[in-house]
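User: I would like to learn how the labels for this structure are assigned. Please show it, and then I will ask about the terms one by one.

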Amino acid sequence: MEKGPLGSERILELLPHRYPMLMIDRVLELGENYVRAEKLVSASEPALQGHFPGRPIFPGVLIIEAMAQAAAIWAMSSGSVKPGLLCVLAGVDSARFRRQVVPGDVLRLEARALAARSKLVKIEAKASVAGEPVADAILLAAFVPRSAVGGA
């Protein structure tokens, strides 16, 4: 198990995502069943150009995606995923949004494994800005063959 921090090259090895869908800028820490990562929210984010003009707010669905990508980094680096498999989001439960995220915010992401099987993992995920809770959810991730995901 890697410990972190992880730089952009290692993040790109663990995740299939690329700009503009790559949501993880830095992995601060990896543990046996958790990860801490960051997303730097910039005014140049493509989604902020239209969400909303004159008052940019980072979309909640992208906060969920960022939490899921942090969780996937943990899963893919845990050593329990068989080669040739990819971690994909399979479910979102109990999602709550507590505060808006705006350009200039550093989104701190935390994910902790609650239960794991050979093809599924249940994860508690949280996002915060400057220590203030932004969002939380229970995520379900599935491991699928890379060939089953178009282009991956």
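Analyst: The chain averages a pLDDT of 92, and 96% of the residues score at least 70. Here pLDDT is the predictor's confidence in each residue, from 0 to 100. This is a predicted model, in which local features need pLDDT of at least 70 and side-chain atom pairs count only at pLDDT 80 or more, while totals for chains, interfaces and linings use all residues. Residues are numbered from 1 along each chain as its sequence is written, and side-chain values use heavy atoms, with hydrogens and water left out.

User: Where is confidence lowest, and where is it highest?

Analyst: Confidence is lowest in helix H1 (residues 8–14), with a mean of 92, and highest in strand E2 (residues 34–40), at 97. Helices (H or I, at least four residues) and strands (E, at least two) are DSSP runs, numbered from the N terminus.

User: Why does glutamate 45 count as buried?

Analyst: Buried means under 20% relative accessible area, exposed over 50%, and partly exposed in between (1.4 Å probe, protein chains only). Glutamate 45 has 9% relative accessibility, so it counts as buried. This residue lies in the loop between E2 and H2. Leaving aside neighbours within four places in sequence, glutamate 45 is in contact (heavy atoms within 4.5 Å) with Lys39, Leu40 and Phe58.

User: Why is alanine 141 called buried, and what is it in contact with?

Analyst: Its relative accessibility is 7%, and therefore alanine 141 counts as buried. Alanine 141 is found in strand E6 (residues 132–145). When neighbours within four places in sequence are left aside, its contacts include Cys87, Val88, Ala90 and Lys119. Alanine 141 and alanine 75 are 66 residues apart in sequence, and their C-alpha atoms are 9.0 Å apart in space.

User: What makes glutamate 110 and arginine 36 a salt bridge?

Analyst: Their closest N and O atoms are 3.8 Å apart, which is within 4 Å. Glutamate 110 lies in strand E4 (residues 106–116) and arginine 36 in strand E2, so this pair ties together parts that are 74 residues apart in sequence. Glutamate 110 has 32% relative accessibility and so counts as partly exposed. Arginine 36 counts as partly exposed because its value is 28%.

User: Which side chains meet in a salt bridge at 2.8 Å, N to O, and which residues are joined into one network?

Analyst: The side chains of arginine 98 and aspartate 136 meet in a salt bridge at 2.8 Å, N to O. Arginine 98 lies in the loop between E3 and E4 and aspartate 136 in strand E6, so the pair ties together parts that are 38 residues apart in sequence. Salt bridges that share partners join Arg26, Glu38 and Arg108 into one network.

User: How do you know that glutamate 65 has no salt bridge?

Analyst: Lys and Arg count as positive and Asp and Glu as negative, while His and the chain ends are not counted. For glutamate 65, the nearest side chain of opposite charge is lysine 39, 11 Å away. Glutamate 65 is buried and has no salt bridge. Its place is in helix H2 (residues 60–77). Not counting residues up to four places away in sequence, glutamate 65 touches His17, Met21 and Met23.
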